[in-house]
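Please consult the sequence and the three-dimensional structure while reading.

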Amino acid sequence: LLAFILMLGSNLLMLVGPMLAGYAIDAIKPGAVDFFQVYYYAGLMVAFYLGSALLIYCLELLMISISRKVTYNMRKDTFNHLMDLPVGYFDSHATGDVISRISYDIDPINASLASDLVQMGSSFIIVTGSLAMMMTISLKLMGIFVVTVPISLLVSRYLVKKTRPLFSRRSKKLGQLNAYGEEMVTGLHALRVYGQEDNTIRNYDQKNQEAVDAYYQAEYHGSMVYPSVNLINNLSLSMIAVLGALFFLNGSMSIGMISSFILYSRKFSGPINEMANLTSDIQSSLAAAERVFA
């Protein structure tokens with residue numbers, strides 16, 4: 001609850017800035033600059049942004065503490081559960097793979113709780129707030145997002161659907177590599193007695209290559225989401241600039257309001273880009289969570 005309050009407060013304070021910037025710009029007129037108004041709005045911007053930064057700092061400290069406690073409890077519960085499992089489970093599951101689930105697979109979950117969850121929540125608040133502010137400035141310019149936002153969502157949905165199995169495969173291959181390495185190191189004396197060193201090295205190299213290939217495929221397809229969505233959002237910014245200039249020429253919008261709309265549009269598209277960039281981290285965490293809870 002405290003994290004939600006800090007997240008909401010920091011982002012609402014941040015959303016006031018672009019509107020104040022527009023008011024400050026409109027106070028600058030050819031041959032007559034109202035410096036009092038300019039300094040007044042600039043001072044308010046500094047105050048709001050400092051307040052937002054302070055709340056974000058407190059939020060980061062809180063989420064680090066929460067994620068550490070969750071990770072501690074998750075590792076403790078997983079280990080305690082392993083101690084209660086029948087012997088048959090360990091006959092059918094390699095020790096290295098079990099250790100990989102306790103160590104490696106819980107780390108991505110911890111990272112998502114500490115940072116990704118906050119960014120996702122903040123992005124939702126900023127997108128919603130920016131959308132509301134843009135609607136109050138110009139409904140005509142909002143028409144651009146009616147076209148570009150659905151395209152961004154469709155592209156993201158297609159790429160996420162394609163990458164999800166790849167991250168599951170990546171976690172699986174890493175677990176197999178750890179399992180093989182642990183088994184071979186444990187039985188090293190037997191391998192040397194029977195002269196199986198070269199054969200073991202070849203098998204390990206093969207499993208190592210499979211893990212590398214799985215990593216590459218997951219990261220390659222996961223990294224396609226951000227640039228694809230970013231391209232669409234940059235095109236929308238270009239169209240806003242052109243239409244905003246036309247509205248200014250016919251006197252329907254001031255330069256300050258156009259500036260505020262562009263700033264809000266960047267805040268609107270920025271979190272969408274961040275969420276697209278977080279896709280690979282979230283997919284990795286979900287794949288790891290599946291192995292831990294299994």
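## Burial of an aromatic pair

Y23, at 37% relative accessibility, counts as partly exposed. The model is predicted: local features need pLDDT of at least 70, side-chain atom pairs count only at pLDDT 80 or more, and totals for chains, interfaces and linings use all residues. Residues are numbered from 1 along each chain as its sequence is written, and side-chain values use heavy atoms, leaving out hydrogens and water.

## Aromatic rings

A search of the whole structure finds 7 aromatic pairs; rings of Phe, Tyr and Trp (its six-membered ring) pair if their centres lie within 6.5 Å. The planes count as stacked under 30 degrees apart, as edge-to-face over 60 and as tilted for the rest. The ring centres of Y23 and Y41 are 5.4 Å apart and the planes stand at 45 degrees, so this pair is tilted.

Because Y23 lies in helix α1 (residues 2-26) and Y41 in helix α2 (residues 35-84), the pair ties together parts that are 18 residues apart in sequence. Helices here are DSSP runs (H or I, at least four residues), numbered from the N terminus. Y23 and Y41 form one aromatic cluster with F36 and Y40.

## Charges over rings

A charge sits over a ring if NZ of Lys or CZ of Arg is within 6 Å of the ring centre and within 35 degrees of the ring normal. The charged end of R170 sits over the ring of Y215, 4.5 Å from its centre. K140 lies over the face of F247, at 5.6 Å from the ring centre.

## A buried glycine

G22 lies in helix α1 and is buried, with a relative accessible area of 0%. Which residues does G22 touch, not counting residues up to four places away in sequence? They are G256, M257 and S260 (contact means heavy atoms within 4.5 Å). The C-alpha atoms of G22 and S260 are separated by 5.0 Å, although these residues are 238 residues apart along the chain.

## Packing of two helices

Helix α5 (residues 106-137) packs against helix α6 (residues 139-186) at an angle of about 135 degrees, with the axes 7 Å apart. L131, M134, M135 and I137 of α5 make the contact with L139, M142 and F145 of α6.

Terms used. Axes fitted to C-alpha atoms, helices over the stretch in contact; angles between N-to-C directions. Buried < 20%, exposed > 50% of the residue type's maximum accessible area, 1.4 Å probe, protein only.
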